[in-house]
Amino acid sequence: MPLQPVKFYQTGTFTVGNRLLAPEERSVQANMQRTNSLNSGHRACQGCGEALGARYAIDAAMNASNRQLIAANATGCLEVFSTPYPETSWQIPWIHSLFGNTAAVATGIAAAIKIKKQKGQGGDVRVVAQGGDGGTTDIGFGCLSGMFERNDDVLYICYDNGGYMNTGVQRSSATPAAARTATTMPLGPEPGNPFGQGKFVPAIAMAHEIPYVATATVADLRDLEHKITKAMGMRGARYIHILVPCPLGWGTASQDTIHLARLAKETGIFPVFGAEYGELKTALAIRRQLPVEDYLRPQKRFAHLFGKSPAVATIARIQALADKNIRKYGLLDREGSR
Amino acid sequence: MLKQCEGSHAVAEAVALCRPEVICAYPISPQTHIVEGLGEMCKSGELHDCEFINVESEFAAMSVAIGSSATGARTYTATASQGLLFMVEAVYNASGLGLPIVMTVANRAIGAPINIWNDHSDSLSQRDCGWIQLFAETNQEALDLHIQAFKLAEELSLPVMVCMDGFILTHAYERVDMPTQAQVDAFLPPYEPRQVLDPAEPVSIGAMVGPEAFMEVRYLAHAKQMQALERIPQLAEEFKAVFGRDIGGLTHTYRGEGAETMVVAMGSVLGTIKDVVDEMRDAGHKIGVLGITSFRPFPLDAVGAALKNCKRFVVLEKSLAVGIGGIVATNVRMAVTGMGLKGYTVVAGLGGRAITKKSLYGLFEKAGRSELAPLTFLDLDWEVVNRQLERERQTRRSGPAAESMLRDLGTVASKIA
């Protein structure tokens with residue numbers, strides 16, 4: 001009898017389907033007992049990457065913490081769509097204070113937990129803080145850096161959709177170069193968001209030499225779950241930065257959210273890696289390198305690059321940024337990959 | 001136990017006796033000695049089961065306090081001046097969420113121009129932030145008010161500011177009667193939160209509230225302060241029963257019997273005012289004093305009752321509502337609406353300008369003769385002001401005003417009239 005090759009259940013992404021895995025290897029989301037921490041019925045847009053990312057992240061954190069978890073949330077889409085009074089989608093203790101103070105609120109929660117535990121009045125409860133890129137890289141950056149440098153026992157999760165989508169798609173310091181936002185219109189000699197600006201907070205988090213920094217996307221959800229679980233197994237300040245496409249802000253079809261997240265990774269636009277104590281440890285390798293054009297073209301926020309006369313030079317500059325990421329994080333280096 | 005110590009140290013010890021569980025510290029004069037003292041006690045183990053966190057800003061200090069208070073920990077912080085302003089968004093948030101944080105405000109002026117000395121501009125700028133504001137006259141009162149503040153805050157689920165004059169109280173060495181741990185434990189029960197972040201009973205705190213309920217939620221904040229109006233005098237009684245000291249309450253009247261002129265003030269300046277009033281009483285003047293301890297909630301009835309038999313009142317305040325005059329005075333006027341009293345506003349002591357007995361004597365005499373202007377700036381150097389106004393009339397690019405006025409004054413260590 002000729003050798004029958006093993007046929008994995010394929011999703012077209014090299015992902016192994018859950019049904020072929022041993023139960024203990026299956027994803028948190030595949031478990032009927034998952035907490036649905038962010039329950040259905042919330043008011044996120046169709047195809048919202050942030051809602052998807054938050055559901056996987058918080059369920060994984062719940063799973064890893066024995067369901068002893070408190071979340072602090074920054075003002076933003078996630079807060080607004082999950083808790084219009086008197087409804088809430090959160091099945092876990094959850095607090096929203098302000099836009100710019102979420103990391104500090106989480107520090108306070110962690111401090112209270114520590115003392116309660118010390119006094120024998122509470123168990124081993126863990127803390128996550130979460131916010132969008134505006135609440136993390138801009139207005140909440142001071143508190144975030146403070147939480148990092150004190151090495152407070154908090155996992156901070158940033159859902160990065162590259163702008164202030166909740167207020168109507170304005171530029172943040174995480175908005176990519178050339179992207180159109182309501183405050184970086186595709187006008188003038190350099191249309192869209194200027195090159196040479198912005199910041200990549202995972203690298204800044206690494207500079208704090210905190211125990212764990214990782215990036216993830218909603219295309220590689222097993223990788224996301226793994227990183228959350230790994231982070232929850234550690235103590236001190238931890239930071240996970242998740243790329244979450246936004247159909248509204250990016251001008252993309254709602255069914256393309258995961259596809260675009262994958263393209264961001266496969267082009268090198270968004271490096272997916274893990275770092276411990278300031279040192280790069282793992283990088284999710286690009287499997288089939290694609291030109292940045294594939295990522296840019298489906299998005300209306302980059303439509304001005306693909307008019308009658310395509311902005312070849314601008315696209316080349318974006319390609320150069322992706323190439324730099326590939327070199328810097330070893331994204332084509334198989335040996336460095338996990 | 002009687003002891004001689006710095007005001008800040010007395011407050012630090014009192015706060016420690018209240019068994020706080022989380023303390024956030026960010027340095028700003030003149031509050032710093034308080035958190036330094038507490039930090040030392042945490043390090044030495046004298047204050048145990050308490051997390052002391054050095055934060056990166058006052059905004060973070062109040063935010064950490066929000067997180068820990070919402071998780072059921074008794075939480076304390078202290079600030080002043082620019083620090084209070086820097087944390088304002090979180091200050092409103094703490095009261096909006098109903099979190100019983102206690103904070104010392106070591107009252108200090110607000111810039112520009114930058115000034116580290118005492119006045120009440122900082123906490124009075126936060127009069128509508130939803131916090132209870134108690135003003136201490138002495139270090140003993142500052143110490144005792146903190147113990148009352150935790151009880152009041154936790155009973156009502158409202159944050160409380162204890163305001164004490166920066167430097168004048170915080171840095172003054174005075175004799176204080178330090179309570180024992182047993183006394184404080186007898187007065188202040190452990191914190192039982194109304195709401196708490198607890199995995200056993202998950203709640204969402206801080207959801208978005210639209211027009212359908214926002215008014216009601218805000219009204220509740222007012223209703224809570226009205227409850228405080230009733231609780232504050234009761235707490236003073238309960239406090240007296242345990243500690244034997246008559247401290248706190250809404251207002252205190254001094255030599256008000258038969259007074260035709262009443263002087264209204266808050267904080268440490270009351271001591272100077274009382275000395276002047278004693279002298280004036282000896283000289284036959286019918287003058288008394290009303291000290292306000294609770295600025296928020298503002299005790300309209302108590303103030304009205306204290307002033308109803310006088311002919312005129314002088315509100316002497318260390319704050320300025322630019323464009324109208326007084327802040328405390330505006331509140332006092334509301335309390336005496338329809339009583340037909342003559343009211344005077346005196347803005348004094350801004351940025352640490354000394355308020356001397358001599359100036360007060362002259363001021364109150366003038367008020368007694370009904371010769372005082374409705375709004376007076378005590379010991380204002382008109383020559384300096386007029387020179388600057390003239391300079392601005394003469395020259396378009398007259399330069400920075402404060403620096404020009406300082407140059408006119410020449411080198412002076414401190415200005416005492």
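**Figure 1. The largest nonpolar core, with members from chains A and B.** This core holds 228 residues, and those touching the most other members are A:Ala61, A:Ala106, A:Tyr156, A:Ile242, B:Val160, B:Val162 and B:Val263. Domain 1 (2-243) and domain 2 (251-377) of chain B both contribute residues, so the core lies between them. A nonpolar core here is a set of buried Ala, Val, Leu, Ile, Met, Phe, Trp, Tyr and Cys residues joined through C-beta atoms within 7 Å. A residue counts as buried if 20 or more other C-beta atoms lie within 10 Å of its own, as exposed if 12 or fewer do, and as partly exposed in between, with C-beta atoms placed from the backbone. In soluble globular proteins, nonpolar side chains tend to be buried together. Keep in mind that this is a predicted model: local features need pLDDT of at least 70, side-chain atom pairs count only at pLDDT 80 or more, and totals for chains, interfaces and linings use all residues. As for labels, residues are numbered from 1 along each chain as its sequence is written, while chains are lettered from A and ligands numbered from 1 in the order in which they are written.

**Figure 2. Zooming in on B:Val263 and its strand.** Leaving out residues up to four places away in sequence, B:Val263 touches B:Ile273, B:Val277, B:Ile287, B:Val289, B:Val314, B:Leu316 and B:Phe364; contact means that the C-beta atoms of two residues, placed from the backbone, lie within 7 Å. B:Val289 is also the bridge partner of B:Val263 in E12(B). Strand E11 (residues 261-265) of chain B pairs with strand E12 (residues 287-292) of chain B in the parallel sense, over five bridges. Helices (H or I, at least four residues) and strands (E, at least two) are DSSP runs, numbered from the N terminus, and two strands pair if DSSP finds at least two bridges between them.

Figure 3. The domain assignment, automatic or from a database, gives domain 1 (2-243) and domain 2 (251-377) in chain B. Taken over C-alpha atoms, the centres of domain 1 of chain B and domain 2 of chain B are 27 Å apart. Domain 1 of chain B puts 25 residues into the contact and domain 2 of chain B puts in 21 residues. Helix H6 (121-124), strand E6 (132-135) and helix H9 (214-243) of chain B each supply at least two residues of the domain 1 side. H9(B) gives the largest share of that side, five residues.

**Figure 4. The side of chain B that touches chain A.** The contact takes 37 residues from chain B and 39 residues from chain A. On the chain B side, strand E3 (51-54), helix H3 (58-70), helix H5 (88-96) and strand E9 (204-205) each supply at least two residues. The largest share of this side is nine residues, from H3(B).

**Figure 5. Strand E3 of chain A, a covered strand.** Seven of the seven residues in strand E3 (residues 126-132) of chain A are buried. A:Arg126, A:Val128, A:Gln130 and A:Gly132 point one way from E3(A), while A:Val127, A:Ala129 and A:Gly131 point the other way. Strand E1 (residues 69-73) of chain A pairs with E3(A) in the parallel sense over five bridges, and A:Asn73 stands opposite A:Gln130. Strand E4 (residues 155-160) of chain A also runs parallel to E3(A), joined by five bridges; there, A:Tyr159 is the bridge partner of A:Gly132.
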